[in-house]
Amino acid sequence: MDARTIFIQIAYLVASVLFILGLKGMTAPDKARSGMGLAALGMLVAVVGTLLSAEIVGFGWIIVGLVVGSAIGAAISIWMPMTAVPQRTAISHAFGALAATLVGIEHYHFHMTEFFASHAAEGLSHVEMAALGFEVMFGSLTITGSFMAFGKLQGFIPSAPITYRFQNQTNIGLFCVAVLLFIALVAIPSTAAIHPVLFYLMVAVGIVVGVLIVLPIGGADMPVVISLLNSYAGLASSATGFALQNNVLIIAGALDGASGFILSILMSRAMNRSFSNVLFGAFGGAAAGGAAAGESTEGKTVRSITVDDAAIQLAYARHVIVIPGYGMALAHAQHEVRELAEQIEERGGEVKFAIHPVAGRMPGHMNVLLAEADVPYDKLCEMDEINGEFPRADVALVIGANDVVNPAARNDPGSPIHGMPILNADEAKNVIVLKRSMNPGFAGIENALFYNPKCAILFGDAKGSLAKLVQAVKAA
Ligand code: NAP
């Protein structure tokens, strides 16, 4: 091994360690930022190591790619709102998968043209073909799947599940066709004339499967799907690493594949949904029931509250638990939430934030927004940690959350969310909910909490209501 190769391998090893430390950092909110920094440094080391490779024949196109990619990345990170993170993640997976697939196709094309130009050249070995086939099959379905996820979340494609008869059978059937083509590609010698036909047919089937598997999935289930597609993109990259004999790609791809898969399972579990229900259940459409489904609220009335009355309750409360949800993200109200918490604390009250694992629309959604607003990390409490504190809370302040505080998950076996662990807001002495209307949340079901005599609703956009509450608590 020459000095250059040794240096590159050391760079790859350092990059891999940094990726692992980066992932470890992301397990705790206070270490997440430094974890991201380590992972970014790891990527820089990996890129520099790769640029030292002797196989690079010219830097012209690489520099063009670097400049264009960096400009797009910088623009996205500066101007993209936090609420658009899920679609941003989807589109970056689409491009990651596109890169892996194009590398795979180029690798295959190169070997094939070499072989057909001079029959003296060797075809691809079974192992090489298995790595290449895997890379291209998962890569191609991830490209279109991720573009579809992006389109649904951004509103280019209707976000409601699109269903038709025999949909699951068609999707599973087509996926099986792609797998059979993959097996055939590995089994048949790559020198056979039919081989390229099967290869490009597998790419085409993969592209179609990517579109079809995302059609029946509702927009709000997309984070689970995106994380699954992330895992596919990781596996495709890992396979690219085997095809190119590149260690850092193998390791980074495997980390990506495993973490994406674990995250999808954790998200499904926190929603009390099976993985297959997310992928094949068309949740969020008619099957989930309309707003009328869930615990019966017939004959019960909703109590609304004014800003002044809510401010008095909050100003004199000793213990307040804030429950943020998707509505807080939509209203961009995190800074006002922090201001209100500070006001209450200045008056001697204690404020804690109860974070449900699937509040919002992506894992860690609430943590990221509250951290952006400088809410101290030690005030953010996980569900298991805070649930026991609700009975002694004077006020549970629900800000744009709905499903994650719906008691039907505990009490109503017929509810679509029955069994989902929830924040026990209904056990607090008083509940104040900030929302704009009686519209349901993501699950599309009624929430009996809003009809509980202890509960009062402050109707209006959360940001505006909170700004008024801050002033009113100051004046109280
Ligand atoms: P949610 O159940 O979707 O409810 C959001 C609430 O915010 C609604 O009641 C809505 O009512 C209110 N709202 C919307 N805009 C508002 C505004 N500008 N001001 C004030 N209120 C506003 O939210 P959640 O309780 O956070 O639950 C999350 C749901 O998403 C769960 O069902 C979860 O399973 C699902 N999910 C989460 C993830 C994840 O990773 N976090 C992934 C997939 C699915 P109005 O329209 O009346 O204002």
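What percentage of the 476 residues of the protein chain count as buried? The share is 47%, where buried means under 20% relative accessible area, exposed means over 50%, and partly exposed lies in between (1.4 Å probe, protein chains only). This is a predicted model, in which local features need pLDDT of at least 70 and side-chain atom pairs count only at pLDDT 80 or more, while totals for chains, interfaces and linings use all residues. Residues are numbered from 1 along each chain as its sequence is written, and side-chain values use heavy atoms, with hydrogens and water left out.

**Overall layout**

- The protein chain has 17 helices and 6 strands; helices (H or I, at least four residues) and strands (E, at least two) are DSSP runs, numbered from the N terminus.
- The C-alpha trace spans about 85 × 55 × 35 Å along its principal axes.
- Among contacts with a separation of 6 or more, 78% join residues 24 or more positions apart, a contact being heavy atoms within 4.5 Å.

**Nonpolar cores**

- A nonpolar core is a set of buried Ala, Val, Leu, Ile, Met, Phe, Trp, Tyr and Cys residues joined through side-chain atoms within 4.5 Å.
- The largest such core has 74 residues, and Leu 314, Ile 323, Phe 353, Phe 390 and Leu 469 have the most contacts inside it.
- Helix H17 (residues 462-475) supplies the largest share of this core, 6 residues.
- Another core, of 24 residues, lies apart from it and includes Ala 178, Leu 181, Phe 199 and Val 205.

- Two packed helices are described by the angle between their axes and the distance between the axes.
- Helix H4 (residues 85-117) packs against helix H5 (residues 126-154) at an angle of about 150°, with the axes 7 Å apart; axes are lines fitted to C-alpha atoms, for helices over the stretch in contact, and angles run from 0 to 180 degrees between N-to-C directions.
- H4 and H5 are therefore roughly antiparallel to each other, given that angles under 35 degrees count as roughly parallel, over 145 as roughly antiparallel, 65 to 115 as roughly perpendicular and the rest as oblique.
- H4 passes H5 in a left-handed crossing, meaning that the near helix is turned anticlockwise from the far one by less than a right angle.
- The contact of H4 with H5 involves 19 nonpolar, 11 polar and 2 charged residues; Ala, Val, Leu, Ile, Met, Phe, Trp, Tyr, Cys and Pro count as nonpolar, Asp, Glu, Lys and Arg as charged, and the others, Gly among them, as polar.
- The axes of helix H6 (residues 167-187) and helix H7 (residues 195-214) come within 9 Å and cross at roughly 155°, so H6 and H7 are also roughly antiparallel.
- H6 passes H7 in a left-handed crossing, and their contact has 17 nonpolar, 2 polar and no charged residues.

**Single residues**

- Ala 39 lies in helix H2 (residues 29-51) and counts as buried because its relative accessibility is 17%.
- Ala 39 touches Leu 18, Phe 19 and Gly 22, not counting residues up to four places away in sequence.
- Most residues other than glycine have a negative phi.
- His 332, in the loop between helix H12 (326-331) and helix H13 (334-346), has a positive phi near 55° and is partly exposed, at 39% relative accessible area.
- Asp 374 has a positive phi of about 65°; Asp 374 lies in the loop between helix H14 (365-372) and strand E3 (380-382) and is exposed, with a relative accessible area of 60%.
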